[in-house]
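Let's take a walk through this protein together. Have a look at the sequence and the 3D view, and then read on.

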Amino acid sequence: MDMKLLMEQAKSLQSKVSSAQDMLGKTTVKGVAGNGLCIVEMSGKYDLVKLTLNPDLMKEDLDTVTAIVTAAFNDAKAKADTLIDKVMGEATAGMPIPA
């Protein structure tokens, strides 16, 4: 195996992954629950960007509020996971990655 070629591939992969991570940090996804009573916006790096609570949500009991906020977070996280898989898959496409 050509060591120079291997190093070039590693450098290229590092650059692509770094760019993908930067993009994920600048991209947001929204999780929604309770028919829009709670909206969680997070980055593709799981950073909370914005939490929106409809005033009607506050009329509910604490357990309901907690369940709706949790559901919105889980929805946003699932969307972020999908985004991460897509973006990182594109960044590493064709590159041999050891298991």
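This is a predicted model: local features need pLDDT of at least 70, side-chain atom pairs count only at pLDDT 80 or more; totals for chains, interfaces and linings use all residues.

Let's begin on the inside: the largest nonpolar core is made of 18 residues, and Cys-38, Val-40, Met-42, Leu-57 and Ile-68 are the ones with the most contacts inside it. Where do these core residues come from? At least two residues each are supplied by α1 (3-26), β1 (28-33), β2 (38-43) and α2 (62-92). The largest share belongs to α2, which gives nine residues to this core.

If you skip residues up to four places away in sequence, Leu-57 touches Leu-37, Cys-38, Val-65, Ile-68 and Val-69.

Next, let's visit a couple of loops. Find the loop between β1 and β2, and you'll find Asn-35 there. Asn-35 isn't a glycine, yet its phi is positive, at about 55 degrees. Is Asn-35 buried or exposed? Its relative accessibility is 86%, and the cut-off for exposed is over 50%, so Asn-35 counts as exposed.

Move along to the loop between β2 and β3 (48-53), and there sits Tyr-46. Here, too, you'll see a positive phi, about 70 degrees, although Tyr-46 is not a glycine. With a relative accessibility of 39%, Tyr-46 counts as partly exposed, because that label covers values between the 20% limit for buried and the 50% limit for exposed.

Note on methods: Residues are numbered from 1 along each chain as its sequence is written. Side-chain values use heavy atoms; hydrogens and water are left out. A nonpolar core is a set of buried Ala, Val, Leu, Ile, Met, Phe, Trp, Tyr and Cys residues joined through side-chain atoms within 4.5 Å. Buried means under 20% relative accessible area, exposed over 50%, partly exposed in between (1.4 Å probe, protein chains only). Helices (H or I, at least four residues) and strands (E, at least two) are DSSP runs, numbered from the N terminus. Contact means heavy atoms within 4.5 Å.
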